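Please find below a note on the structure under review.

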Amino acid sequence: MEENKTLMPPKEQALETERDAKAEELESTFSYDGYQVVRKELFAHLRDPAIVIRKDSITFNTACISGLEDVVYVHVMFNSDLKRIVVRGCDENDKDALRWCIAKPDKRKSRKMSCKPFSELVYNEMGWDSDCRYKILGYRINFEGETLYVFDLLVPEIFHESQKRKKGESAPQSEETKPVNTRKGFYPDDIAGTFGVPVEEHLKESEVKQMDGYVSMGILTGTAPGASAD
């Protein structure tokens, strides 16, 4: 490094020395106190794994399905305390196995999974608006040798669903009755107005230490064998 500096013009050498001194100062005084990890959701994420939850169905996008190579059936688990959904691959004949994609010899693609009872439970649990759909990014993690997706329902991107007009009803004319943009998403105020969470809190939230507290989708909706029905 010193040899390179001697070959620099005096002005550039002075700037390099100044940068080195600043870097040393930052290194000696640095800590994570006061820093927030900026939410991934605040950036463009068209190619990121995600789940879309509607009042009668859920859909995993293609990026999500591609992230679990060769997985056709999954377990969907819900944690009412953490407000998270976890997805892991399983065998077709496993209890509560759900087919989450259309598998063809040359490719796999996403499919709409009709599940009105499950969606209604999630909407009620989260206090969501039934006139909206909710998109949640997935975070792929490894837990006990398995690859999982974790979806934090507390950080949803919200979209208004299109309202179907009754037969013979004319299209709205005024700005007041103009339909909302169903393609433009938005975030709850407590998310949109913040950068993210403190570093220490972020580390804690990123850990899935145990599967206690998660229940399968079949048990939650009462559709699993042996589950009690109301």
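1. Basis of the model. This is a predicted model, in which local features need pLDDT of at least 70, side-chain atom pairs count only at pLDDT 80 or more, and totals for chains, interfaces and linings use all residues. Residues are numbered from 1 along each chain as its sequence is written, and side-chain values use heavy atoms, with hydrogens and water left out.

2. Overall fold. The protein chain contains 7 helices and 14 strands; these are DSSP runs, helices being H or I of at least four residues and strands E of at least two, numbered from the N terminus. Of the contacts with a separation of 6 or more, 68% join residues 24 or more positions apart, a contact being heavy atoms within 4.5 Å.

3. Burial and surface area. Among the 230 residues of the protein chain, 33% are buried (buried is under 20% relative accessible area, exposed over 50%, partly exposed in between, with a 1.4 Å probe and protein chains only).

4. Nonpolar cores. The largest nonpolar core has 29 residues, and Ile-53, Phe-60 and Trp-100 touch the most other members. A nonpolar core is a set of buried Ala, Val, Leu, Ile, Met, Phe, Trp, Tyr and Cys residues joined through side-chain atoms within 4.5 Å. Elements giving two or more residues to this core include β2, β3 (57-60), α3 (62-67) and α4 (116-126), and α4 provides the largest share, 4 residues. A second, separate core of 7 residues includes Val-86, Phe-143, Leu-148 and Val-150.

5. Aromatic pairs. The structure holds 8 aromatic pairs; rings of Phe, Tyr and Trp (its six-membered ring) pair if their centres lie within 6.5 Å, with planes under 30 degrees apart counted as stacked, over 60 as edge-to-face and the rest as tilted. Phe-30 and Tyr-32 form an edge-to-face pair, because their ring centres are 5.3 Å apart and their planes stand at 80 degrees. Phe-30 is partly exposed at 47% relative accessibility, and Tyr-32 is exposed at 55%. Tyr-123 and Trp-128 are also edge-to-face, at 5.4 Å centre to centre and 85 degrees between the planes, but both of these residues are buried.

6. Met-77 belongs to strand β4 and is buried, with a relative accessible area of 7%. The C-alpha atoms of Met-77 and Val-215 are separated by 5.1 Å, although the two are 138 residues apart along the chain.

7. Two positive phi values. Asp-70, in the loop between α3 and β4, has a phi near 70 degrees, a positive value in a residue other than glycine. Lys-83, in the loop between β4 and β5, likewise has a positive phi, near 60 degrees. Asp-70 is exposed at 63% relative accessible area, whereas Lys-83 counts as buried at 19%.
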